Amino acid sequence: MAYADTLFDDYYLKYASYFIKDRAIPEIDDGLKPVQRRILHTLFEMDDGKYHKVANVVGQTMRYHPHGDQSIFGSLVNLSNKDMFIDKQGNFGSILTGDPASAARYIECRLTPLAKEVLYDPEITEYVDSYDGRNREPVAFPAKIPVLLALGAEGIASSMATRILPHNLIELMQAQIACLGDEPFEVLPDFPTGGLVDASEYNDGNGKVMVRASLDVRDPKRIVIRQLPFGSTTESLIASIEAAAKKEKLKIAGISDFTADEVEIEIRLARGVHSEETVDALYAFTDCESSISTNVLLIREGHPCILPVTDVLKHNTRRLLEILEAELKIERKQLHAKLRAKTLEQLFIKERIYKRIEEIRVQDKIHDAIRAGFEPFESKVKDLTSEDIDTLLKVPIRRISLYDINRANDEMKGIRNRLREIRDHLGHLSAYAVTLLEGLIERYREAFPRRTTLASFKRVDAREAAQRNLALKYDRNTGYLGYGLNTGDTLFDVSPYDRVLVIRKTGAYALHDEIERLFVDKGMLYCGFVDPVRVFTMIYRDRKGHPYVKRCKLEKFILNRGYELVPDGCRILHLTIDEDVTATVTFKPTPRMRVFEEVFDLAIFPVRGNRAKGIRLAPKALKGVKLSRKPERGDSPDQSEAASNPEDPGRSAHRADPKEGKD
């Protein structure tokens, strides 16, 4: 058993580690997942400036990626539609409509100039063996730009997931310049579908953002969607609008999709409905508004970790300096080698050292003769090697006869000037990096404009945006309450999201939502919206028949949970929300009783908690109670009396007007 547990733990750890590092989570250095890196590496190998059939690219990539052609094709299409590193030709689908790409044999692609400029440099790229050992693939490209933040990424691995939003490439490079100058910077998401974004809770990449569609409401009878929120397509957006209309959350007459290169979805409104009234409902009940949670999980130094966006950009900026330094040092080494070769060739021809071997007939003495010829020039050429001599011996006679000393001097002067520039760049590496980034910004500014508008808005509450167009009915004969009833009295209009407080004749009460059909008994005392300042006044009698008054507020609830207003065995006789009410209490006659009736001003009794017991009005058995509203000037006595039959408390039930309060 212990062996089985160890085997499971070991195998699962290997599987999880492979899936996290080699499948789903991107690398911080070049911002790519393994399949994306292998696709680009294959395109670099195949690059000849012409388009390649995607089917051929997929087949060639399978030399490096052991997970099938479908995963490669899907990743290639997705990477191509980001319009950054792959130039596409043909139908690659649409991120706007969600249409799929054509078959791989019908479409073509090649690398963009940007990819060659900022990703490819085999001189400083680390390579490892491919899965079968037959080829070599890069560990990570030497990316000079923050690819991870520019492209964004989504992935799910064992027990972890990543969601990194795309950002504007120009803004990222500007942030890198600020980082190199030790200046503050902030980068916010930018989506290829446009729309609006509220990034107030972005939390540097590990929070959430609110995204909205861009709506044109200039026409009062129609709404046109011009840009999509990130994560939606025209198909999914239209489906959500139609579903909301079917549930009567929206009132529309029709919807048409005219999307081509730009989004254009026309929503025609129903008669009597206007654009400004419908906007909130679109945001509340459709995909026109959504919340996106973000999590910057990535691979750094072979391990998964979560970083803020600013730290990722700082890492990419440090990486840029390392790449530029490595490139300059390699170029310096190559220029030194070239300058040495030019110097050797110039001395070999100008000083006629080649003449020394004209009379030599023995092969072994040729090298000695040439070494002797270079001895006077040891200050210019040191450590002459056999390889140097072999290179000089391969110089053709034509080059010797046509050798141009002035031209050679100019070439050597250009090399020395470049070496001085490299020395200056290495001494001021940050300034050199800023110059490089400014050049990239200048060349690609028009190709990467910001598409998403930054805005600040609050999420629309579905309850607030819902239209109250459902008649809430109560059927006294059956005891049912709801907006799905065909019989009964209409109390008021509600929306499916409204929460309604119901008090039954037993004193039980609860807060209900989506009351389509609910049994509440044949004697309902109250039905209305919650108002935390509303005071409920009730008269009830205990088991001994003594009258009590209780005044309380109903403020806090757990949805659909039952509560009790009065103790067990007690019965509510009257319930009202009127403030200026008096109670005329009649007692059962007993021997020696002198007072058979008393009038109580209920407003003078204190308001207590909803669980508190009521205040006893008198230690006498109750015969009857009559509630009366205090007469105002001009009222007749009849107008001030309320329902007074204690045997039918349901007759005094109050149906609250929706305007009185709302939860």
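Me: Is Val77 buried or exposed?

Reply: Val77 is buried, at a relative accessible area of 11%. Buried means under 20% relative accessible area, exposed means over 50%, and partly exposed lies in between, with a 1.4 Å probe and protein chains only. Please note that this is a predicted model, in which local features need pLDDT of at least 70 and side-chain atom pairs count only at pLDDT 80 or more, while totals for chains, interfaces and linings use all residues. Residues are numbered from 1 along each chain as its sequence is written, and side-chain values use heavy atoms, with hydrogens and water left out.

Me: Where does Val77 sit, and which residues is Val77 in contact with, leaving aside neighbours within four places in sequence?

Reply: Val77 belongs to helix H4, residues 69-80. Helices (H or I, at least four residues) and strands (E, at least two) are DSSP runs, numbered from the N terminus. Apart from neighbours within four places in sequence, Val77 is in contact with Phe92 and Ala101, where contact means heavy atoms within 4.5 Å.

Me: New topic: how many aromatic pairs are there in the whole structure?

Reply: A search finds 10 aromatic pairs. Rings of Phe, Tyr and Trp (its six-membered ring) pair if their centres lie within 6.5 Å; planes under 30 degrees apart count as stacked, over 60 as edge-to-face and the rest as tilted. Phe44 and Tyr120 form a stacked pair, with 4.4 Å centre to centre and 20 degrees between the planes.

Me: Which parts of the chain does that pair link?

Reply: The pair links distant parts, 76 residues apart: Phe44 is in helix H2 (residues 34-46), and Tyr120 is in the loop between helix H5 (113-118) and strand E4 (127-129). Phe44 is buried at 8% relative accessibility, whereas Tyr120 is partly exposed at 39%.

Me: And why is the pair of Tyr509 and Phe557 edge-to-face?

Reply: The ring centres of Tyr509 and Phe557 are 6.1 Å apart and their planes stand at 90 degrees, so this pair is edge-to-face. Both Tyr509 and Phe557 are buried.

Me: What about the whole protein: how many helices and strands does it have?

Reply: The protein has 16 helices and 33 strands. Its radius of gyration is 41 Å, well over the 26 Å that the globule rule gives for 663 residues, so the protein is more spread out than a compact globule. That radius is taken over C-alpha atoms, and the globule rule is 2.2 Å times the number of residues to the power 0.38.

Me: What box do the C-alpha atoms fill?

Reply: Along the principal axes, the box is roughly 160 × 60 × 60 Å.
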